[in-house]
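This report goes through the parts of one protein chain. Please keep the sequence and the structure in view while reading.

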Amino acid sequence: MHPTPFLRLALAVLLAACLPLALAQGQKPPAAYEPSVGQEGKDVVWVPTPQALVDKMLDMARVTPRDFVMDLGSGDGRTVITAARRGTRALGIEYNPDMVALSQLNAGKAGVSERAAFMKADLFETDLSKATVITMFLLPEINLKLRPRILDLRPGTRVVSNSFTMEKWQADESATLSEADGCTASWCTALLWIVPARVGGTYKIPQGELFLSQEFQMLSGTLRTGGAPVPVAGRVRGEAISFRAGGREYRGSVNGGKLELR
């Protein structure tokens, strides 16, 4: 018996419906992107920060859920994801779109996609002003290129780097982890800077006339109390000032150009 035209049409429709499913079942899903240590990037090669040091960097920055963390050159997303696990909103800036996609996948697996975001962008063209904490693992020359922009950020912004310095801008704190601390790689030093307020200038205070000269967070100058001026040495940590003059310790802050001592 020959199939009727209607039966032939029905068989054709059934075959068309089943063919994509059969092909899909026979195909393997695309493999996830797997970065390799040392692979070339726009500005640096990719070397992941050891997880123990990620934890230490965030500890040193005293990250809380009130912060907004930006990771410059976020790689596979581990620093952003770790911050998000602490309840913090975090954003990774990464130029490699494959790394961005991998980071988003990792954030989803970790269940923190609502707090962990990633953006394909050039870190030199990215607005950093919303960050309260910046993390990075970049080369010294890149740190130096970023340094003027970082110093223009809101006083008190915390900046943490894996291993590489800001040259003359000395770190406020540093810590090196050992193998016993869980850091078995080569890159196990965390460096912390607190963006200092600009406080250089001359101030009238109850003790006399204070002149402060500032280089990054370090202060020098003189305090004239009626007699010969005495030397001043101190530092700025965010908006907080501390200095010694004439054997006495002074602490305070500058608000609206006015020095308030406690």
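Across which strands does helix H2 lie? H2 lies across strand S4 (133-136), S5, S6 and strand S7 (189-194). Its direction runs at about 20° to S7.

**The model**

The structure is a predicted model. Confidence is given as pLDDT, and the mean pLDDT of the protein chain is 88. A value of 70 or more is reached by 85% of the residues. Residues 5-24 are another matter: pLDDT stays under 50 over this stretch. For residues 5-24, the model has one contact beyond four places in sequence.

**The mixed sheet**

The strands that H2 lies across, S4, S5, S6 and S7, belong to an open sheet of seven strands. The order of the strands in this sheet is S3-S2-S1-S4-S5-S7-S6, and the pairing is mixed. Strand S3 (116-120) and S6 are the edge strands, and each of them pairs on one side only. From one strand to the next, the twist averages 15°.

One of the residues to look for here is leucine 91, whose bridge partner in S3 is alanine 117. Helix H4 (residues 97-110) packs on the sheet and touches S2 and S3. The direction of H4 makes about 170° with that of S3.

The loop between strand S5 (158-162) and strand S6 (173-176) holds serine 163. This serine is not a glycine, yet serine 163 has a positive phi of about 75°.

**Two helices in contact**

Two packed helices are described by the angle between their axes and the distance between the axes. For helix H2 (residues 51-60) and helix H3 (residues 78-85), the axes come within 10 Å and cross at roughly 55°. H2 and H3 are therefore oblique to each other. The crossing in which H2 passes H3 is right-handed.

Which residues make the contact? On H2 they are Gln51, Val54, Asp55 and Leu58, and on H3 they are Arg78, Thr79, Thr82 and Ala83. By type, the residues of this contact divide into three nonpolar, three polar and two charged.

**The antiparallel sheet**

Another open sheet of seven strands has the order S8-S9-S10-S11-S12-S13-S14. Its pairing is antiparallel. Strand S8 (201-205) and strand S14 (258-261) stand at the edges with a single partner strand each, so one side of each is left without a neighbour in the sheet. The twist in this sheet averages 30° from one strand to the next.

| Strands | Bridges | Facing residues |
|---|---|---|
| S11 (residues 230-237) and S12 (residues 240-245) | six | arginine 237 and alanine 240 |
| S12 and S13 (residues 248-255) | six | serine 242 and arginine 251 |
| S13 and S14 | four | valine 254 and leucine 259 |

Phi of phenylalanine 216 is near 55°, a positive value in a residue other than glycine.

Further along come two hairpins. The hairpin of S12 and S13 has two residues between the strands, and glycine 246 takes a positive phi near 60° there. The hairpin of S13 and S14 also has two residues between the strands. In that hairpin, glycine 256 takes a positive phi near 60°.

**In brief**

The chain has an open sheet with mixed pairing and an open sheet with antiparallel pairing.

How values were computed: Residues are numbered from 1 along each chain as its sequence is written. This is a predicted model: local features need pLDDT of at least 70, side-chain atom pairs count only at pLDDT 80 or more; totals for chains, interfaces and linings use all residues. Side-chain values use heavy atoms; hydrogens and water are left out. Axes are lines fitted to C-alpha atoms, for helices over the stretch in contact, and angles run from 0 to 180 degrees between N-to-C directions. Angles under 35 degrees count as roughly parallel, over 145 as roughly antiparallel, 65 to 115 as roughly perpendicular and the rest as oblique. A crossing is left-handed if the near helix is turned anticlockwise from the far one by less than a right angle, and right-handed if clockwise. Contact means heavy atoms within 4.5 Å. Ala, Val, Leu, Ile, Met, Phe, Trp, Tyr, Cys and Pro count as nonpolar, Asp, Glu, Lys and Arg as charged, and the others, Gly among them, as polar. Two strands pair if DSSP finds at least two bridges between them. pLDDT is the predictor's confidence in each residue, from 0 to 100.
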